[in-house]
Amino acid sequence: MKKLIAVIFALMIPGAAFAAGPAVPLDKAHVDVTNEAALQRGAKLFTNYCLSCHEAGFARYNRVGRDLGLTEEQVQQYLINTTDADGAPTKVGELMKVAMTKAYGSEAFGAAAPDLTLVARVRGTDWVYTYLRSFYKDDKRPFGVNNTVFPNVGMPHVLWELQGRQELVVRTEVDAKGHEHEVTELKLVEPGTMTPAEYNQAVLDLVTFLAYLGEPAQTERKVIGIWVLIFLFVLFVFAYFLKKEYWKDVH
Ligand code: HEC
């Protein structure tokens, strides 16, 4: 019974079920979905670097634009890079789809690039944040990269120009009790166009955008929640005095 309860709890924590496997510690992503500037930067990175393979097929450009404080013209200018079958730019009212088919993706990358609308909720924001910063050089892989949190991943390191190239360094450490441990570390061997701090910030912006995408109404939901609590409190005061009034003659 205890085991069953533990399993149910594990399944309720996003990402916990997937994060199992080789235990790679995840870095904490301090996501703030109310940060509009971060969301806008994340959306731009997403449409520039991810939407060519992955889609966000449950989101529409104009809804995203509205939530992120962008006009339809800005959405058209900054976020839409795709065209329809006739070559006309994708319209703002359309879903964030890609032209690449699943079958082509599977053939080219060994695995289809999944839809990313809900990825931050399925995997957890810490997982996605760590994943996008954990590609390293591995000549045995088709694209020359591997990933510590997603071993033998089919995705190439599409942000390598920004981050640079990392190598996996394995060291043996001896702890206080004299036991030997293997410690793996990622070392930047070739700098990218961004410093490590800038790259972490860019990935955080991207993850912030993905967190928003997974639940576009989340900020609104929290504001509504506060009003509901205020309403219940006022109702409680009235109900209390009403109860006193009703019961005052009952002894
Ligand atoms: C060149 C195509 C391509 C591009 C561009 C690309 N990806 Fe991927 N991505 C893939 C493929 C293929 C997989 C599936 C890998 C596998 O299952 O081995 C994947 C997997 C993922 C996963 C893991 C999904 C899961 O839950 O299994 C995440 C997260 C992800 N990509 C995020 C991104 C982000 C964010 C970007 C933009 C910065 C991006 N990808 C750009 C091809 C791509």
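Author: Donors are N, O and S atoms within 2.8 Å of the metal (3.2 Å for Na, K and Ca), and sites may look incomplete because water is not among the atoms. The model is predicted: local features need pLDDT of at least 70, side-chain atom pairs count only at pLDDT 80 or more, and totals for chains, interfaces and linings use all residues. Residues are numbered from 1 along each chain as its sequence is written, and side-chain values use heavy atoms, with hydrogens and water left out.

Reader: What makes H54 and M155 donors to the iron atom of the ligand?

Author: NE2 of H54 and SD of M155 coordinate the iron at 1.9 to 2.1 Å. The cut-off is 2.8 Å, so these N and S atoms count as donors.

Reader: Why is the site of the iron atom called octahedral?

Author: Six donors count as octahedral if opposite donors are over 155 degrees apart and all others between 65 and 115. The iron site has six donor atoms with angles of 87 to 179° among them, and is therefore classed as octahedral. H54 lies in the loop between helix 3 (36–49) and strand 1 (56–60), and M155 in the loop between strand 4 (145–147) and helix 9 (160–163), so the pair ties together parts that are 101 residues apart in sequence. Helices (H or I, at least four residues) and strands (E, at least two) are DSSP runs, numbered from the N terminus.

Reader: Why is H54 called buried?

Author: Buried means under 20% relative accessible area, exposed over 50%, and partly exposed in between (1.4 Å probe, protein chains only). H54 has a relative accessible area of 11%, so H54 is buried. M155, at 19%, therefore also counts as buried.

Reader: How do you know that D126 and K28 form a salt bridge?

Author: A salt bridge requires a side-chain nitrogen of Lys or Arg within 4 Å of a carboxyl oxygen of Asp or Glu. For D126 and K28 the N to O distance is 3.6 Å, so the pair qualifies. D126 belongs to helix 8 (residues 125–131) and K28 to the loop between helix 2 (16–19) and helix 3, 98 residues apart. K28 has a relative accessible area of 53% and is therefore exposed.

Key: Tetrahedral: all angles 85-135°; square planar, octahedral: opposite > 155°, others 65-115°.
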